[in-house]
Structure formats: structure tokens, C-alpha cells
Amino acid sequence: KNCSLTKFSSIIKIIFRGAVEEAEKYAGFYRVHIHDIEAKDNRSGGGFFGRNKVPGGRTLSYWCFNPGVAMQAFIHLKVRSIILTSGTLSPMDSFAHELALDFPVRLENPHVINPDQVWVGVVSTGP
């Protein structure tokens, strides 16, 4: 149970970090989700033939749907460099806006696949 209280304490600290103005600014990006967990067999238990039931329950999740909120922690920590790599970050302007960070140095390369190597179509029936 102590582990659960520690996790809950960490969540509360994340939610209410910083100034009141900052918390109010980001409050709309969070959502609460409660979902049921079904009971299931646990083979590593000491029950009948090494099985016992793991009880079900509910999980309370507090999700942030704005990556910029998490990235603000880097600003407060005075991080000087972040390297982001991906094949799908383009267009960079919208990506930088979404992360709420300024990217003064950017490197964008053209696609490595030629247009004649791509086929787009609809398969209406399968095998």
C-alpha cells in the first residue's frame, strides 16, 4: 500500500507544481480516467496447483494531453539542448508549437523514398 501512496503523492506534486497561474494555465489539458481491472489467474501464486486469483479493482488515471506541459519542466531545469529524431516530426513548425518550445536549430531532410516508389489505393476485397 505504501507504493500506492507514494505514486499518489507524486501525482499530486505534479498536478500542483509551480505557481497558481501556471497550474490554472495547464488545468484544461488534463483528464481523469477510471477503468475497471478484471480479476485474473496468477500462475506464480501458491494456490491450487500454483494458481491464485489476483483481485480486480479500479485504476484512477490522470492523463495530460498536451506534451508542452511536460516540456516546460525542461525549461525550468534550464536544459540547454534536446535532440529529437523521428521520421514523422514534419512539419517542424507545428511540432515546435505543440511542444511549446522554441527550436532555434533545426535539421530537416527530404524524404528518402521517391514518389514513384509509393502506391496509394483501396483494396475492396481480400483473399
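The largest pocket here holds about 800 Å³ of space. Keep in mind that what you're looking at is a predicted model. The protein runs to 127 residues, 13% of which count as buried. Four helices and four strands make it up, and along the sequence they come in the order α-α-β-β-β-β-α-α. Of the contacts between residues at least 6 apart in sequence, 49% join residues at least 24 apart.

**The largest pocket**

- Some 27 residues line this pocket, and the ones nearest its centre are Leu-84, Leu-89, Met-92, Arg-106 and Leu-107.
- What classes of residue make up the lining of the largest pocket? It has 15 nonpolar residues, along with eight polar and four charged ones.
- Arg-106 turns up again as a contact of Met-92, together with Glu-108, once neighbours within four places in sequence are set aside.

**The second largest pocket**

- This one comes in at about 320 Å³ of space.
- It has 14 lining residues, with Ser-4, Lys-7, Phe-8, Ile-11 and Leu-60 closest to the centre.
- Two elements, α1 (2–15) and β4 (57–64), each give two or more residues to that lining.
- Helix α1 supplies the largest share, seven residues.
- Sorted by class, the lining of the second largest pocket splits into eight nonpolar, three polar and three charged residues.

**The nonpolar core**

- As a rule, nonpolar side chains in soluble globular proteins tend to be buried together.
- In this model, the largest nonpolar core has eight residues: Met-71, Leu-89, Met-92, Phe-95, Ala-96, Leu-99, Leu-101 and Phe-103.
- Which helix gives the most to this core? That would be α4 (residues 92–99), with four residues.
- Two of the core residues, Leu-89 and Met-92, are also among the residues nearest the centre of the largest pocket.

**Helix α4, side by side**

- The buried residues of α4 are Met-92, Phe-95, Ala-96 and Leu-99.
- Why do these residues line one face of the helix? Looking down the axis of α4, the buried residues fall within an arc of 100 degrees, so they end up on one face.
- The buried residues of α4 pack against α3.

**Gln-72 in helix α3**

- Gln-72 sits in helix α3 (residues 67–76).
- Is Gln-72 buried or exposed? Its relative accessible area is 13%, and the cut-off for buried is under 20%, so Gln-72 is buried.
- Leaving out residues up to four places away in sequence, Gln-72 touches Tyr-26 and Ala-100.

- Lys-78 isn't a glycine, yet it has a positive phi of about 60 degrees.
- You'll find Lys-78 in the loop between α3 and α4.
- Lys-78 is exposed, with a relative accessible area of 68%.
- Ala-100, another residue other than glycine, also has a positive phi, near 60 degrees.
- Ala-100 belongs to the segment after α4, and its positive phi comes just after that helix.
- With 39% relative accessibility, Ala-100 counts as partly exposed.
- This is the Ala-100 that Gln-72 touches.

- Ile-14 is part of helix α1.
- How accessible is Ile-14, and what does it count as? Its relative accessibility is 47%, so Ile-14 counts as partly exposed.
- Ile-14 and Ala-70 are 56 residues apart in sequence, while their C-alpha atoms are 9.8 Å apart in space.

How values were computed
Residues are numbered from 1 along each chain as its sequence is written. This is a predicted model: local features need pLDDT of at least 70, side-chain atom pairs count only at pLDDT 80 or more; totals for chains, interfaces and linings use all residues. Side-chain values use heavy atoms; hydrogens and water are left out. A nonpolar core is a set of buried Ala, Val, Leu, Ile, Met, Phe, Trp, Tyr and Cys residues joined through side-chain atoms within 4.5 Å. Buried means under 20% relative accessible area, exposed over 50%, partly exposed in between (1.4 Å probe, protein chains only). Contact means heavy atoms within 4.5 Å. On a 1 Å grid over the protein atoms alone, a cavity is a set of points where a 1.4 Å probe fits but cannot get out, and a pocket is an open set with protein on both sides within 12 Å along at least five of seven lines; lining residues have an atom within 4 Å of a point. Grid points are joined across faces, edges and corners, and a volume is the space filled by probe spheres set on the points. Ala, Val, Leu, Ile, Met, Phe, Trp, Tyr, Cys and Pro count as nonpolar, Asp, Glu, Lys and Arg as charged, and the others, Gly among them, as polar. The arc is that of the directions from the helix axis to the C-beta atoms.
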